[in-house]
Amino acid sequence: MAQEVNINDLTEAIRENAYLIDVREDWEFQDGHVPEAIHMPLNSVSENLDTLPKDRKIWVICQSGGRSMTAANYLETQGFEAVSVAEGTGGWIAAGKEVSSGDEN
């Protein structure tokens, strides 16, 4: 089972160039996301495995932590090192962190 991390862990990891994917739906991502996040809806993760780095930890975020844990667990079974951000984008926003909107990454 993938490890759960918190917003502070993610903040520190982003400073160190973390590889972050956001597994929410298109409209959720466009409404607001962590600026560094790469959009990859949960239902598309399996078809995008070849785009993910095998040599880096993959940080996975959704709205509150459920879908990201599903994705992180799946990635672990596929040989990736993955962690789920427990509080998700909702926690990121509640913590007053920077947010991007639209399709921008």
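**Charged side chains and the central sheet**

In this predicted model, Lys97 lies over the face of Trp92, at a distance of 5.9 Å from the centre of the ring. Pairs made of two aromatic rings, by contrast, are absent, the count coming to zero.

Charged side chains also meet one another, and a search of the whole structure finds four salt bridges. One of these joins the side chains of Glu12 and Arg15, with a distance of 2.6 Å from N to O. Both residues belong to helix H1, which covers residues 7-15, and they are placed three residues apart, or about one turn of the helix. Glu12 has a relative accessible area of 37% and is therefore classed as partly exposed, since this value falls between the limits of 20% and 50%. Arg15, at 61%, is classed as exposed because its relative accessible area is over 50%.

Another salt bridge is formed by the side chains of Asp22 and Arg24, which meet at 2.9 Å, again taken from N to O. Here Asp22 counts as buried, with a relative accessibility of 0%, and Arg24 is likewise buried, with a relative accessible area of 2%. Both residues are called buried because their values are under 20%.

A further salt bridge connects Glu28 with Arg67, the closest N and O atoms of the two being 2.8 Å apart. Glu28 is buried, with a relative accessible area of 11%, whereas Arg67, at 26%, is partly exposed.

Attention now turns to the strands. Five strands form an open sheet in the order S1-S5-S4-S2-S3, and their pairing is parallel. At the edges stand strand S1 (3-5) and strand S3 (38-39), each of which pairs on one side only. S1 is joined by three bridges to strand S5 (residues 82-85), and these two strands run parallel; within this pair, Val5 stands opposite Val85 of S5.

Two helices pack on the sheet. H1 touches S1, strand S2 (19-22), strand S4 (58-61) and S5, and the direction of H1 makes about 135° with that of S4. H3 also packs on the sheet, where it touches S1, S2, S4 and S5, while the direction of H3 makes about 175° with that of S5.

Strand S4 pairs with S2 in the parallel sense over four bridges, and with S5, also in parallel, through three bridges. Val60 of S4 takes part in the description of both pairings, being the bridge partner of Ile21 and standing opposite Ser84 in S5. The side chains of S4 are divided between two directions, with Ile58 and Val60 pointing one way and Trp59 and Ile61 the other way, and all of these residues are buried.

Methods. Residues numbered from 1 in each chain as written. Predicted model: local features only at pLDDT ≥ 70, side-chain atom pairs only at ≥ 80, totals over all residues. Heavy atoms only, no water. Buried < 20%, exposed > 50% of the residue type's maximum accessible area, 1.4 Å probe, protein only. Phe/Tyr/Trp six-rings, centres within 6.5 Å; stacked < 30°, edge-to-face > 60°. Lys NZ or Arg CZ within 6 Å of the ring centre and 35° of its normal. Pairing = 2+ DSSP bridges. Contact = heavy atoms within 4.5 Å. Axes fitted to C-alpha atoms, helices over the stretch in contact; angles between N-to-C directions.
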